[in-house]
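Thank you for making time for this.

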Amino acid sequence: MGLPTPAYLPQYVALFVVGLVAARRGWLEGLSRTTGRAGFAVAAVAAIALFLLLVSAGEAILGHGTLPSLMAAICESALAVGVVLGLLTLFRERLGHQGRRRRFLSEHAYTVYVVHPVVLVALGHALRDVQAPAVAKFALLTVIALPLCWAVAYVVRALPGARKVL
């Protein structure tokens with residue numbers, strides 16, 4: 001289970017396009033709680049099936065046009081769609097409102113996306129001499145970077161004209 005590979009690109013493109021169509025046609029608002037629960041159930045079954053498949057067949061056999069490879073692809077797709085449906089309904093039902101904090105995070109999210117590489121590289125450089133296990137350095141970087149990214153985004157969006165494009 002490494003980083004995404006080009007083999008997943010068709011799935012990403014398909015989910016992106018379906019998401020665009022669904023948003024434009026209002027399908028997302030029509031998803032019921034039952035659909036969300038069913039999505040999570042499908043995702044759970046697919047995750048268990050994928051785990052069992054990987055344990056029994058091994059990763060070496062996957063990706064060579066074999067039946068286990070086909071089954072893994074089906075499980076991965078079912079897992080992705082199930083999680084998407086479940087999370088969409090969960091977030092709409094439980095987190096569909098914005099207070100002051102959420103509005104601030106939402107308004108600055110794209111700017112955070114744009115500036116976060118610079119912040120992370122700068123912090124990584126600043127922490128390069130810290131002697132700690134990689135996991136501890138990752139945790140430290142995360143604790144510092146999250147608020148710093150939003151602070152930088154706030155400052156950037158305060159620049160004249162920045163809100164029009166960010």
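The second largest pocket, in a model that is predicted, holds about 220 Å³ of space, where a pocket is an open set of points on a 1 Å grid over the protein atoms alone, fitting a 1.4 Å probe, with protein on both sides within 12 Å along at least five of seven lines, and lining residues have an atom within 4 Å of a point. Volume here is the space filled by probe spheres set on points joined across faces, edges and corners.

Among the residues lining this pocket are Leu15, Val18, Gly19, Trp27 and Leu88, and the elements giving two or more residues to the lining are α1 (9-25) and α3 (67-95), helices being DSSP runs of H or I with at least four residues, numbered from the N terminus. By class the lining has ten nonpolar residues, one polar and no charged; Ala, Val, Leu, Ile, Met, Phe, Trp, Tyr, Cys and Pro count as nonpolar, Asp, Glu, Lys and Arg as charged, and the others, Gly among them, as polar.

Turning to the helix pair, the contact of α4 with α5 has 18 nonpolar, four polar and two charged residues.

As for confidence, the mean pLDDT (the predictor's confidence in each residue, from 0 to 100) is 89, and 94% of residues reach 70 or more, with the lowest mean, 87, in α1 and the highest, 95, in α5.Residues are numbered from 1 along each chain as its sequence is written, and side-chain values use heavy atoms, leaving out hydrogens and water. Local features need pLDDT of at least 70 and side-chain atom pairs 80 or more, while totals for chains, interfaces and linings use all residues.
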